[in-house]
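Hi everyone, thanks for coming. Please take a look at the sequence and the structure on the screen, and I'll walk you through a few places in it.

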Amino acid sequence: MRAHVLALAAMASVAAAAGAGGAAAARASAADRLGANPPVPGSTWTTFGGDPGRTNADANPAAPLPFAPAWTSPLLDGDVYGQPLQYGGLVYVATENNSVYALDATTGRTVWQDNVGLAAPSNRLACGNIEPRVGITSTPVIDPASSAIYVVADTWDGQSNAQHVLAGYDLASGRALFAPRPVDPADGDSPNQLLQRPALALDGGEVIIGYGGNDADHGEQGCDNYHGAVVAAPLAGGANRTYHVTDPQGAIWGTSGPAVDGHGSIYVSSGDGNGSLTSAFGQSNAVIELDAALSQQSFFTPAAWKLDDLADLDLGSTGPLLLPGGLLYQDGKDAQGYLLSADDLGGIGGQLYSAPVCQGFGGDAYAAGHIYVGCIDGTRALALDSANRRFAVLWQAPATANGPPVVAGGLVWTIGYYTSQLYGFDPASGALKVQQPLAEAMHFASAGVADGRLLVPAGQVVSAFTIASPPPGSDSPLVVVGGSRCRVPRLRFYSLTRARRALARAGCRLGRVYRPHTLAASRRALVKGVLVVLRQSPPAGVSLAPGTRINLRLGHGPPAAQRRR
């Protein structure tokens, strides 16, 4: 049943603004690609990264103020994986329970809420690592021209079938603009296999939607029967269009989502495919340029793409980042950073420049000649030399600061999704200036920015903070410290009871516990004995802040291991 809550009887009207740029009739030079679609003002944040190029930088920041908590929302009905958005004095978030919330930007209280439909139960899908249900995972998108917000929800028919649907709401009132419309790719893949994680984008009156698999592409429990895809859904209704990767798998799954330039070109990145050393190139492990009709215009893949396919080294673990001067930056699991020409991505091994950076996940940021990379082992800062088309690593943040970065209030911010901490770094030196504990943080969580506040998704709440700049002349970081460290123990093949005790002794806390997803897997586990720990995150051996939550995935291990419980 759809629930609709109005918490405010009268609201200020939402100011109209220019909509997303339409598609060009012909391809133009990439030199002005970013400038043709400038970032939105600092008082709004209407899409992941704040602008269609996914730059993740506050284009019109408020005067820096001392860092301070502003508000925390009421408990929402599910986890928030997407980046919070803001427009017209309201903050918008969506949950894995398929609910959309509008929160007052100054107080955090709920102004309106609506539910798109029943979310898919995780244990009824073939596989996945989002629990206990999969609903709205991606960051929504706001269209100021029509005063509307759009979301894609994974819905369930109550029996055995998932379906992804597009829903739209009036920004001010929360009124549904149309009945939810199916937007699954038209390529024959089962929606039960697909996860819609990439942030939504707008292009010429259409919502651009990326799809990958529910649990990466490791072939576990039949997870690999899909193709990465892009769907263009017209806002006015009518037939959708689909582009899909030729290779099996090839997920389009980077959290930051498709990047769109000022001429209507769409850039997506794909993960590894299910190929072999003799396979022909089929758009896996690639950056792909599409026109507004979703026809491929150019692509890039590393020269070692076949080996990357076999080694699960997704290029598409982050989305593309558009840069000034017709450049595009991409990184992924192969630990290389690639500088590409947005006009012609270069084909196989055709990058302008590449160098070792890190394993990147989620999304990156750009501000004032610097690229900030979301790395699994700590944010990196790169100095970009646009004239010579090169970059160099400037600094690396601590390994726990591993979420997609955003630049605002004079600092580079990132969320540590293993430690549930918010970090703020000096953009020039990488010095830690702010560290703030959060209620929780989901994988690849990233903050939005508007009106001088950082909008942080923290599990089932959103927390807003007045963004900080270090006091003049201060060299001391504002670090939250205290208590002994959490030194993560090795928990493989431990029972849950034994793992809980080991975590307590190590100064850590038990986080989320993921059990076998399918009924058949649960029965196998019961027959073979007690469930044991098969995976943990963060991994064993790292030293983290006291009380850090350690997430566990359970399953059935070898009998000898179970006897050690």
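This is a predicted model: local features need pLDDT of at least 70, side-chain atom pairs count only at pLDDT 80 or more; totals for chains, interfaces and linings use all residues.

Let me start with a question: in which sense do S5 and strand S6 (residues 110-115) pair, and over how many bridges? They pair in the antiparallel sense, over 5 bridges.

Residues are numbered from 1 along each chain as its sequence is written, and side-chain values use heavy atoms, with hydrogens and water left out.

Back to S5 and S6. Alanine 102 stands opposite tryptophan 112 in S6. The two strands form a hairpin with 5 residues between them, and glycine 108 in that turn has a positive phi of about 85°.

Alanine 94 has valine 100 as its bridge partner in S5. S4 and S5 make a hairpin too, with 4 residues between the strands, and there asparagine 98 takes a positive phi near 70°.

Now, is S5 itself enclosed or open? Of the 6 residues of S5 (residues 99-104), 6 are buried, so this strand is largely enclosed by the rest of the structure. Buried means under 20% relative accessible area, exposed means over 50%, and partly exposed is in between, using a 1.4 Å probe and protein chains only. In a regular strand the side chains alternate between the two faces of the sheet. In S5, Ser99, Tyr101 and Leu103 point one way, Val100, Ala102 and Asp104 point the other way, and all are buried.

Let's zoom out. The protein has 4 helices and 42 strands. It has 565 residues, and buried ones make up 59% of them. Take the contacts (heavy atoms within 4.5 Å) between residues at least 6 apart in sequence: 59% of those join residues at least 24 apart. The accessible surface is about 20,100 Å², with 54% belonging to carbon and sulfur atoms; that comes from the Shrake-Rupley method with a 1.4 Å probe, and for residues only the protein chains shown count as cover.

What about the inside? The largest nonpolar core has 62 residues, and Tyr92, Val116, Ile209, Trp413 and Leu454 have the most contacts inside it. Strand S10 (residues 148-156) gives the most to this core, with 6 residues. Apart from it lies another core, of 17 residues, among them Val488, Tyr494, Leu496 and Leu552. By nonpolar core I mean a set of buried Ala, Val, Leu, Ile, Met, Phe, Trp, Tyr and Cys residues joined through side-chain atoms within 4.5 Å.

Leaving aside neighbours within four places in sequence, tyrosine 92 is in contact with residues including Tyr101, Ala102 and Trp112.

A cis peptide bond joins glutamate 131 and proline 132, with omega about 0°, and proline 132 is found in the loop between strand S7 (120-121) and strand S8 (133-134).

Alanine 368 has a positive phi of about 50° although it is not a glycine. You'll find alanine 368 in the loop between strand S27 (360-367) and strand S28 (370-375), where it is exposed, with a relative accessible area of 73%.

Phenylalanine 493 is not a glycine either, yet it has a positive phi of about 70°. This one sits in the loop between strand S38 (486-487) and helix H2 (496-505). Is phenylalanine 493 buried or exposed? It counts as buried, at 15% relative accessibility.

Last stop: serine 160, in the loop between S10 and strand S11 (162-170). Serine 160 is partly exposed, with a relative accessible area of 38%. Serine 160 and arginine 124 are 36 residues apart in sequence, and 7.1 Å apart in space, C-alpha to C-alpha. Leaving aside neighbours within four places in sequence, serine 160 is in contact with Arg124 and Asn192.

That's my tour, and I'm happy to go back to any of these places with you.

Note on methods: Two strands pair if DSSP finds at least two bridges between them.
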